[in-house]
Amino acid sequence: HRAVRHPYLDALAQGDLPAPARALKELAFQYYGYSAWFMRYLTGVIQQLEDGAHRSVLVRNLVEESGSIHEEDKAAIRAQG
């Protein structure tokens, strides 16, 4: 998925960073901060959107982040085992 296709993540996966253990620790630290505040960030963006279609897409994502998964997504997850 394009969300995880990033040069930094690719280099980390391939062990091409000078200090992979330190890089992984830093990534985990940064990601924790991002994920801890993600729903607040998302809510702030939703409040600023004028286009209802865009707002709808992000509201769906917010609902998923709250722990609610649509039936089609549940089926896709089940299909992956």
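Is Glu 64 buried, partly exposed or exposed? Glu 64 is partly exposed, because its relative accessible area is 27% (buried means under 20%, exposed over 50%, partly exposed in between, with a 1.4 Å probe and protein chains only).

1. Basis. This is a predicted model, in which local features need pLDDT of at least 70 and side-chain atom pairs count only at pLDDT 80 or more, while totals for chains, interfaces and linings use all residues. Residues are numbered from 1 along each chain as its sequence is written, and side-chain values use heavy atoms, with hydrogens and water left out.

2. The whole structure holds 5 salt bridges (a side-chain nitrogen of Lys or Arg within 4 Å of a carboxyl oxygen of Asp or Glu). In one of them Glu 64 pairs with Arg 60, with the closest N and O atoms 3.5 Å apart. Both residues lie in helix α3 (residues 52-65), 4 residues apart, about one turn of the helix (helices are DSSP runs of H or I, at least four residues, numbered from the N terminus).

3. Link to helix α4. Arg 60 also forms a salt bridge with Asp 73, at 3.3 Å between the closest N and O atoms. Arg 60 is in helix α3 and Asp 73 in helix α4, so the pair ties together parts that are 13 residues apart in sequence. Salt bridges with shared partners join Arg 60, Glu 64, Glu 72 and Asp 73 into one network. Helix α4 (residues 71-79) is hardly covered, as the count of buried residues among its 9 residues is 0. After α4 comes Gly 81, with a positive phi near 90°.

4. The search of the whole structure finds 3 aromatic pairs (ring centres of Phe, Tyr or the six-membered ring of Trp within 6.5 Å; planes under 30 degrees apart are stacked, over 60 edge-to-face, the rest tilted). Tyr 34 and Phe 38 have ring centres 5.4 Å apart and planes at 55°, so this pair is tilted. Both lie in helix α2, 4 residues apart. Phe 38 is buried, with a relative accessible area of 17%, whereas Tyr 34 is partly exposed at 40%. Ring pairs link Tyr 31, Tyr 34, Phe 38 and Tyr 41 into a cluster.

5. Surface around Trp 37. Tyr 31, Tyr 34, Trp 37 and Tyr 41 make a nonpolar surface patch of about 480 Å² (patch residues have over 30% relative accessible area and no salt bridge; like charges are joined within 9 Å, nonpolar side chains (Val, Leu, Ile, Met, Phe, Trp, Tyr) within 5 Å). Tyr 31 is exposed, with a relative accessible area of 52%.

Conventions. Areas by Shrake-Rupley, 256 points an atom, 1.4 Å probe, with all protein chains shown as cover. Helix = DSSP H or I, 4+ residues; strand = E, 2+ residues; numbered from the N terminus.
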